[in-house]
Amino acid sequence: MKKIIDREQVRYIAHLARLELSEEEEKKFTRQLGEILAWVDKLKELDTSEVPLTSHALPLTNVFREDELKRSLSEKEAFLNAPQKKRSHFQVPKVIGD
Amino acid sequence: MNYQTSIGLEVHVQLLTRSKLFCGCSTQFGSSPNSQTCPVCLGLPGVLPSINKKAVERTILTALALGCKVSPFSRFARKNYYYPDLPKNFQISQYDEPLAKDGYLEFELDGKHRRVRIQRVHLEEDAGKIIHGEDIQNPEDKDSSFIDYNRTGIPLMEIVSYPEIHSPEEAYQYLVNLKRVLGYLEVSDCNMEEGSLRCDANISLAPKGARLGVKTELKNMNSFKEIREGLSSEIERQAALLDKGEKVPQETRLWDPHEQATIPMRGKEEAHDYRYFPEPDLLPLKVSQEWIRSVKEAVVELPFHRYQRFISQYHLPVYDASVLTDSRELADYFEECVRNFLHPKVVSNWIMGEFLRLVKKETESLRKIKMKPFMLAHLLEEVQKGVISGKLAKEVFQKMFKSGRPAEEIIRQEKLGQISNEKELEEIIQRVMMQNSKAVDDFKKGKDKALIFLVGQVMRETKGRANPDLVNRLLKEKMGVRE
């Protein structure tokens with residue numbers, strides 16, 4: 001099978017998602033992503049020249065809500081999933097650096 | 001060497017809505033951190049955004065006012081990037097199918113008419129606010145960042161110009177005039193301190209007549225003034241590089257107001273590969289002609305048109321027209337006043353002088369001002385009829401401004417009306433002449449200055465209420481001068 005995705009690309013995508021992969025993982029994901037892409041490639045065999053570009057299966061448009069307030073979470077609820085908080089802020093490892 | 005500068009501006013405007021773009025959390029500024037969040041704007045798994053109709057309508061309204069073509073079909077897209085101010089790791093924005101395209105903004109630059117084309121107007125959600133630990137004076141915080149998600153999901157309208165602005169001053173005027181339009185339409189409060197209007201700039205230099213040069217993107221400018229300064233400094237920097245025969249690297253730079261210079265943004269934040277794709281959680285937008293027609297009804301006369309009309313209809317100087325049309329409320333106030341007192345320049349002088357001075361001092365919104373335009377018109381009429389002197393009118397004006405009482409009432413109750421009754425004045429003049437016989441003698445000997453002194457004494461006696469022309473004539477008569 002020809003390689004659809006190489007390790008360089010996997011490393012790049014991991015970087016965009018700020019993921020650090022071990023060499024083992026890089027190999028594994030390169031293989032797995034390759035398989036997924038090969039499967040998607042199979043779809044290309046279908047003749048879609050008559051089918052308009054579709055981003056949505058539902059035949060609906062303009063689903064809106066009115067500009068009305070709803071109850072927000074309490075502070076306690078808002079931080080339930082936060083590993084770290086301080087002074088009512090979510091605390092994360094510093095994001096600028098060299 | 002002489003270069004042609006090309007600047008494109010990207011303006012982000014926070015739309016005036018009560019709730020966020022995709023959820024019902026409040027958009028109130030200044031609330032305690034993370035008190036206006038919910039599963040949708042926190043990006044918790046399994047939630048569905050739903051579109052705030054008002055935000056879409058305000059965007060369409062702005063697009064129409066800017067002469068854009070509103071797309072009959074548009075949709076949202078995911079802009080993927082990994083940064084903690086976006087809890088979902090993507091921002092819902094618009095990409096290849098924005099709400100509107102191809103408009104323009106008109107304004108004047110050094111007395112010349114300018115028309116800068118607008119590329120697109122689209123709708124997106126705002127990100128959260130990050131405080132970097134190193135900016136806090138606390139050593140234990142220096143390896144952390146702190147995030148407030150109250151701003152996350154607030155509706156932002158992005159207005160992108162073509163790179164056809166050619167100087168920092170032109171960029172400044174573009175922004176002033178764009179802000180006016182947004183204020184007239186009441187779609188945003190455009191408060192830069194609160195971040196409801198932000199602007200990034202693309203800027204490139206090229207030899208005259210050549211194609212566009214390599215651009216840099218300029219960020220972190222927090223006022224229109226800083227934008228003008230940032231652009232000027234960047235022009236100098238790029239020109240110096242080009243003069244030396246060097247290339248301008250394409251990069252993002254930050255304006256540093258303390259150094260008065262632009263500095264390169266640190267590399268890590270720069271990996272721009274957004275991998276846009278259509279937002280699967282939101283259905284597309286279809287804007288029908290009927291919808292456009294109904295939104296169009298809210299398009300008011302735009303500031304630039306009003307500015308031109310003030311010059312042609314009221315024969316106002318350019319400066320007056322520009323000041324008076326700065327906000328819709330002020331322009332309305334002026335016109336309402338002129339309807340009741342048909343001397344536009346007189347009205348303009350009063351509004352640009354006393355009126356704006358007091359407005360600034362009291363920092364009131366024009367709508368709350370108790371002195372209504374017709375009341376100012378009445379005061380000016382009293383001055384014109386000679387009921388009250390121009391000097392005292394200022395006093396009455398201040399009282400009207402503070403209390404909202406009509407001019408006639410203040411003049412009557414405080415006995416400020418001008419004394420034009422000859423009998424009444426004659427008595428006072430008689431008294432003044434007796435008390436100042438030396439001045440009377442001096443005048444008779446030919447010292448004209450003595451007359452000015454005597455008039456001044458009469459004015460003092462009457463607390464400025466005597467009609468000065470009449471006092472002049474009567475005094476001369478009494479001293480034997482006939483005209």
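This report walks through a predicted model with chains A and B.

## Reading the model

Residues are numbered from 1 along each chain as its sequence is written, while chains are lettered from A and ligands numbered from 1 in the order in which they are written. Because this is a predicted model, local features need pLDDT of at least 70 and side-chain atom pairs count only at pLDDT 80 or more, whereas totals for chains, interfaces and linings use all residues; side-chain values use heavy atoms, with hydrogens and water left out.

## Where the two chains meet

Let us start with the interface. Chain A brings 37 residues to the contact and chain B brings 60 residues, where contact means heavy atoms within 4.5 Å. About 4300 Å² of area is buried between chain A and chain B, and carbon and sulfur atoms give 56% of it. Buried area here is the accessible area (1.4 Å probe) that two parts lose on being put together, summed over both.

Three salt bridges are found across the interface of chain A and chain B. A salt bridge is a side-chain nitrogen of Lys or Arg within 4 Å of a carboxyl oxygen of Asp or Glu. A:R87 and B:D141 form a salt bridge, and their closest N and O atoms are 3.0 Å apart.

## A nonpolar patch on chain A

On the surface, A:L33, A:I36, A:W39, A:V40 and A:L43 form a nonpolar patch, and together they have about 500 Å² of accessible area. Patches are made of residues with over 30% relative accessible area and no salt bridge; like charges are joined within 9 Å, and nonpolar side chains (Val, Leu, Ile, Met, Phe, Trp, Tyr) within 5 Å. The areas come from the Shrake-Rupley method with a 1.4 Å probe, and for residues only the protein chains shown count as cover.

One member, A:L43, lies in helix α2 (residues 23-43) of chain A. Helices (H or I, at least four residues) and strands (E, at least two) are DSSP runs, numbered from the N terminus. Why does A:L43 count as partly exposed? Its relative accessibility is 49%, and the term partly exposed covers values between buried (under 20% relative accessible area) and exposed (over 50%), with a 1.4 Å probe and protein chains only.

## The nine-stranded sheet of chain B

Strands of a sheet pair through backbone hydrogen bonds, either parallel or antiparallel. In chain B, nine strands form an open sheet with mixed pairing, in the order β3-β7-β8-β11-β1-β12-β13-β14-β15. Its edge strands, β3 (69-70) and β15 (261-264) of chain B, each pair on one side only. Two strands count as paired if DSSP finds at least two bridges between them.

Now follow part of this order. β1(B) and strand β12 (residues 197-207) of chain B run antiparallel and are joined by 11 bridges; here B:T5 has B:L205 in β12(B) as its bridge partner. Next, β12(B) pairs with strand β13 (residues 215-219) of chain B over four bridges, again in the antiparallel sense, and B:S204 stands opposite B:K215 in β13(B). How do β13(B) and strand β14 (residues 252-256) of chain B run, parallel or antiparallel? They run parallel, joined by three bridges, with B:L254 in β14(B) as the bridge partner of B:K219.

## Two buried serines

B:S6 sits in strand β1 (residues 3-14) of chain B and is buried, at 7% relative accessibility. Leaving aside neighbours within four places in sequence, the contacts of B:S6 include B:P163, B:H166, B:S204 and B:L212.

B:S188 is in the loop between α2 (168-185) and β12 of chain B, and is buried as well, with a relative accessible area of 5%. Not counting residues up to four places away in sequence, B:S188 touches B:V13, B:Q14, B:L16, B:L182 and B:S196.

## Two positive phi angles

Most residues other than glycine have a negative phi. B:E186, however, has a positive phi near 55°; this residue is in the loop between α2 and β12 of chain B and is partly exposed at 30% relative accessibility. Phi of B:R275 is also positive, near 40°. B:R275 belongs to the loop between β15 and β16 (277-278) of chain B and is partly exposed at 35%.

Four bridges link strand β5 (residues 77-80) of chain B to β6(B), and B:R78 has B:I92 as its bridge partner in β6(B).
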